Amino acid sequence: MRVQTNASLQSSNSFGFESIVDEFVIVRDVDELEKALDTTEPITVLGEGTNVVLKPRIEGRVIKLAIDELSVLRIENDDVLVTVGAGVNWHELVRFSLGRGISGLENLALIPGSVGAAPFQNIGAYGVELDQVCEGVRVYDRDRKKVRTLSVGACDFTYRNSVFKSTSRDRFVICGLTLRLGDRELATHYRDVDTHVSTRSNARLTATAVAEIVIRIRRNKLPDPRKIGNVGSFFKNPILSKAGFDDLSAKLRIEGHHESGGLKISAARLIDEAGWKGVQHDGAEVWPRQPLVLVNRGSATARSVLELASRIADDVHRRFAVELELEPEVLGIF
């Protein structure tokens with residue numbers, strides 16, 4: 001295990017922000033992870049850096065997970081258990097499964113980042129969330145100093161949240177997960193997907209076809225982080241009480257979808273209505289095709305992106321009395 005000191009993380013985050021960490025370690029298996037965790041330094045675990053805003057300095061040790069195991073076990077009722085390491089690229093996993101005729105991840109195609117980040121925030125897109133296909137999450141338990149597998153129930157998955165992001169974020173390091181995939185009804189109820197599906201014959205609709213539709217939608221709306229620095233959606237979709245939704249509906253025609261005991265609304269709709277599409281601030285910009293996305297036009301910094309996000313959130317709250325919450329993790333110090 002090699003420890004790099006005063007290491008640059010510019011190539012390890014999709015915004016492309018320069019950030020220096022005291023120590024940087026890449027781990028490729030659980031044994032290396034255990035050694036890397038044996039330190040008195042503060043620890044930050046990093047995947048592909050596609051959902052983080054890195055400030056200029058990270059104190060302590062950053063551990064980058066590169067565990068890349070992958071196995072497939074076919075079981076009863078056409079179900080398939082896919083066990084995959086935290087360091088595998090998520091979209092490559094989707095391609096791998098679909099290429100072997102295994103459905104279940106098609107709606108989650110082209111989500112950037114690593115497998116290890118998926119359970120952290122319970123990724124979801126176009127009507128499907130990870131918890132619907134997750135069988136269990138393999139973790140290193142820092143309290144017990146051993147590897148464990150947590151059931152879906154123990155992960156406490158909710159909208160863009162989990163036990164890994166909330167109550168036990170410093171206890172568990174995600175090493176991989178097992179997915180239960182296989183032949184099941186395709187999820188095409190999401191409006192954007194349904195619009196494309198309605199032009200096709202049901203007899204020709206396959207999981208691969210749904211994935212192709214999702215990829216086309218995402219590429220049309222979202223900038224490629226390899227070309228334009230971004231972390232995808234910068235704000236979560238708010239979940240309002242019935243009373244809060246009724247108050248908002250009196251100001252703005254907007255749809256609400258039942259979620260976690262409330263009504264989930266579109267943050268993009270609020271930001272768009274407030275006139276923020278295309279607005280720029282010190283090299284940061286609200287993406288013109290999707291106002292949930294903030295991008296680095298080349299000269300942005302963590303500070304300018306966060307300042308722009310704060311201005312948007314303040315304005316949305318002033319206009320609509322709705323709180324916007326950041327989706328990416330903000331790490332480090334100025």
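This is a predicted model: local features need pLDDT of at least 70, side-chain atom pairs count only at pLDDT 80 or more; totals for chains, interfaces and linings use all residues.
Which loop, between which two helices, holds Ser114?

View 1. Ser114 sits in the loop that runs between helix 2 (90–99) and helix 3 (117–120). Its relative accessibility is 6%, so Ser114 counts as buried, the cut-off for that class being under 20%. Apart from neighbours within four places in sequence, Ser114 is in contact with Gly47, Glu48, Ala86, Val88, Asn89 and Trp90.

**View 2. Cysteines Cys155 and Cys175 without a disulfide partner.** The number of disulfides comes to zero. For Cys155, the nearest cysteine sulfur belongs to Cys134 and is 5.7 Å away, whereas a disulfide requires sulfur atoms within 2.5 Å. Cys155 has a relative accessibility of 0% and therefore counts as buried. For Cys175, the nearest cysteine sulfur is that of Cys155, at 13 Å. Cys175 is likewise buried, with a relative accessible area of 0%.

**View 3. Salt bridge between Arg171 and Asp143.** The structure holds 23 salt bridges, and in this one the side chains of Arg171 and Asp143 meet with an N to O distance of 3.5 Å. Arg171 lies in the loop between helix 4 (152–155) and strand 12 (172–182), and Asp143 in the loop between strand 10 (134–141) and strand 11 (146–151), so the pair ties together parts that are 28 residues apart in sequence. Arg171 is partly exposed, at a relative accessible area of 23%, while Asp143 counts as exposed at 57% relative accessibility. Both residues belong to a network of salt bridges that links Asp141, Asp143, Arg144, Arg148 and Arg171.

**View 4. Salt bridge between Lys221 and Asp192.** The closest N and O atoms of Lys221 and Asp192 are 2.6 Å apart. Lys221 is in helix 6 (residues 207–221) and Asp192 is in helix 5 (residues 191–197), so this pair ties together parts that are 29 residues apart in sequence. At 28% relative accessibility, Lys221 falls in the partly exposed class.

**View 5. Salt bridge between Glu273 and Arg269 within helix 8.** What separates the two partners along the helix? Glu273 and Arg269 are four residues apart in helix 8 (residues 267–273), which means a separation of about one helical turn. Their closest N and O atoms are 2.9 Å apart. Side chains of opposite charge can pair when their charged atoms come close. Glu273 is partly exposed, with 41% relative accessibility, and Arg269 is also partly exposed, with a relative accessible area of 31%.

Methods
Residues are numbered from 1 along each chain as its sequence is written. Side-chain values use heavy atoms; hydrogens and water are left out. Buried means under 20% relative accessible area, exposed over 50%, partly exposed in between (1.4 Å probe, protein chains only). Contact means heavy atoms within 4.5 Å. A salt bridge is a side-chain nitrogen of Lys or Arg within 4 Å of a carboxyl oxygen of Asp or Glu.
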